[in-house]
Amino acid sequence: MKASEHCCEEASTLSTKQYLPCNQPATKRVFSPRDHAEYRMCDGCAWHNTRNRGMTDIGPYPAFKPAQGRMVGAERTA
């Protein structure tokens, strides 16, 4: 299973036996030193991963438009 386009790729708190993506609108880009990869995440998942898992916040996710309060190219609006 993969996260929807422009949505958080972190595992949902409901994931137990298999990966279920968080799928909240992505607002941050986060770098993982463990696998040298960049992930898109929502604010909550980015906060948790930078504080507890040694990841680095590398900036806003470009599809998120905070001034407009909605995602570009996504069905979901804030």
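Which residue in strand 3 does Phe31 stand opposite? I looked this up in what is a predicted model, and found that Phe31 stands opposite Thr56.

I then looked at the pairing around that position. Strand 1, which covers residues 28-32, is joined to strand 3 by four bridges, and the two run antiparallel. Widening the view, I found an open sheet of three strands in the order 2-1-3, with antiparallel pairing. Strand 2 (37-41) and strand 3 (56-60) are the edge strands, each of them pairing on one side only. From one strand to the next I noted a twist that averages 30°.

For the chain as a whole, I counted one helix and five strands, and read their order from the N terminus as β-β-α-β-β-β. Among contacts between residues at least 6 apart in sequence, I noted that 39% join residues at least 24 apart.

Next I turned to the interior. Of the 78 residues, 32% are buried, and the largest nonpolar core is made up of eight residues, namely Cys8, Cys22, Val30, Met41, Cys42, Cys45, Ala46 and Met55.

Last, I checked the surface: the protein exposes about 5,400 Å², of which carbon and sulfur atoms supply 52%.

How values were computed:
Residues are numbered from 1 along each chain as its sequence is written. This is a predicted model: local features need pLDDT of at least 70, side-chain atom pairs count only at pLDDT 80 or more; totals for chains, interfaces and linings use all residues. Side-chain values use heavy atoms; hydrogens and water are left out. Two strands pair if DSSP finds at least two bridges between them. Axes are lines fitted to C-alpha atoms, for helices over the stretch in contact, and angles run from 0 to 180 degrees between N-to-C directions. A nonpolar core is a set of buried Ala, Val, Leu, Ile, Met, Phe, Trp, Tyr and Cys residues joined through side-chain atoms within 4.5 Å. Buried means under 20% relative accessible area, exposed over 50%, partly exposed in between (1.4 Å probe, protein chains only). Contact means heavy atoms within 4.5 Å. Accessible areas come from the Shrake-Rupley method with a 1.4 Å probe; for residues, only the protein chains shown count as cover.
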